[in-house]
Every structure is written in structure tokens, then in C-alpha cells.
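Morning, everyone. Please look at the screen, and I'll walk you through it.

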Amino acid sequence: MRVLATTALALVLAAIPALAEDAPKPATVTQANAAAPPSASDLLFDQPQMKNTAPGSTITYNYLRRSGISGGPFGAPLQDTLALKIEPGKSPDARDIRVTMFSGLNRVPAGPFEDMAGNPVVSLFLENHLRGLAKVLEANPRYLKLAIRRGLRDKATVTPTKVEFDGRTVEGWRVVTKPFEGDAMTQRMRGLENLTYTFVTAPSIPGEIVSIEASSKSTDGGELLEEKLSYDQKAG
């Protein structure tokens, strides 16, 4: 893998929503106990996730990143928030969205998004994650992006799960993939070839995205990377 210019990062996630074009589209699933689970691309990229958000509301996600790798290549531990300010879109299921991604010196430019049916936090999280991962591995970000794309298309497991929300238990889905497992460039991954990506969604949650996590541990159980975005019910 070779180093790519920083400007290429703008293209990192450009093709990820095209997962929907790579996989057959299943029938719309409205309940987590349906006979056949939806595909990962359907859950993460095809659903109108913003349809259940109230215009004028703000959706807040808590962000955490920490790493036990010596020398701190991922930087100091970071805890911050990502907020989506929701306004009406042009169509009933879509919204105009203003983004505040992190605070102070950690602020990352993002959005705004107009007439958006899907939840942009999926792409925002992955873009930010891949920016850091490409820097640490001195890797071509497009290579990493394509590996995650293939992982979600070909290696993902989708299982029903339960989510606690507003004092009750609601139905949801858990998507798990290890896109770099068995990769030809394993020797260049600095032990991160076991990176596991976990997405939890639930139709009852505003914006449907409950959490997104990228995690990796060393063979002795040490934490190489823990990066997570979680829906903040208290802020809702």
C-alpha cells in the first residue's frame, strides 16, 4: 500500500453507498423478527432512516476514540459529541441536516446535507475513522475503503437484537463484519487486521442508527483501537 495525498480522503466514502447497487435489494423489512434478515447495505444505506425524526429536533451522538498502541499514533483519547440539527426536507421522508461534529480544536467540518433520507452519521463516522486509519498505516485510503465495502457486502452477518429505548425494549438489527481478515496486505496492518465493525440499528430510534463501533485487540487482549459513536438518549 502506498501513501496517498490527503485530498484523496474526500473520495474515501464516495462509493460506499453504492453497496446498494452491488447487492440484491430484499423486500423492505419492518420488524426484526421477520423471516429473512435484510442485507447490511439495505440497513445502513438504503433505508429512509430520517423519516422518523422530528423537524426542529437535535439528535446527539457520543463519540469515543482510544488506543493502547505505544507512541499514540491515533492521538490522545478523545471523547466528544456529534449533533444533527433536523429541519424539514423537500420530501416527506427526507430532512435538511446541519452537523456539528466535535467541539473546539477537535471540530471537523461536515455537511450541511439537504433533502437527506438516510442518516449521514454512517458516512461521517467511517470517513473520520478511515482518515485516522490511513494515516497510522500509511495506507491508500481507497484500498481501505474498498475493503470495508467488500466486507459489508460479502462478509457481514446480520442478526436480530434488542435495544433499550425510552424505558422499553425495541427490535433492532446488529451488523458485524471483519473486512481485513484474510486480506493480502495483512502484514501491513500493524496487528489491526482483526478490526471488527459493528453497527446497531433500530427503526424506533430517531435516525435509526443506535451505534457504530470499530474495535481491535492484540493477541494478549490489549486494546489497539476502540472507536465508537452512540445515540444519546438523554440528549434526545
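How many salt bridges does the count come to? The count comes to six salt bridges. The rule is this: a side-chain nitrogen of Lys or Arg lies within 4 Å of a carboxyl oxygen of Asp or Glu. In general, side chains of opposite charge can pair when their charged atoms come close.

A word on the source. This is a predicted model, where local features need pLDDT of at least 70 and side-chain atom pairs count only at pLDDT 80 or more, while totals for chains, interfaces and linings use all residues. Residues are numbered from 1 along each chain as its sequence is written, and side-chain values use heavy atoms, with hydrogens and water left out.

Now three of those pairs. Start with Glu 208 and Lys 51. Their side chains meet in a salt bridge at 3.0 Å, N to O. Glu 208 sits in the loop between β7 (196–201) and β8 (209–217), and Lys 51 in the loop between α2 (40–46) and β1 (58–66), so the pair ties together parts that are 157 residues apart in sequence. Those labels are DSSP runs, numbered from the N terminus: helices are H or I with at least four residues, strands are E with at least two.

Buried or exposed? Buried means under 20% relative accessible area, exposed means over 50%, and partly exposed is in between, with a 1.4 Å probe and protein chains only. Glu 208 is buried, at 6%. Lys 51 is partly exposed, at 37%.

Next, Asp 154 and Arg 153. This salt bridge is 3.0 Å, N to O. Asp 154 is exposed, at 53%. Arg 153 is partly exposed, at 34%.

Then Glu 171 and Lys 162, at 2.8 Å, N to O. Glu 171 is partly exposed, at 32%. Lys 162 is exposed, at 53%.

On to the strands. Which way do β2 and β3 pair? Strand β2 (residues 78–88) pairs with β3 in the antiparallel sense, over seven bridges. To count as a pair, two strands need at least two DSSP bridges between them. β2 and β3 form a hairpin, with six residues between them. Pro 88 has Arg 95 as its bridge partner in β3.

β3 also joins strand β4 (residues 113–116), antiparallel, by two bridges. There, the partner of Arg 95 is Met 116.

Last point: the faces of β3. In a regular strand, side chains alternate between the two faces of the sheet. Along β3 (residues 95–101), Arg 95, Ile 97, Val 99 and Met 101 point to one face and are buried.
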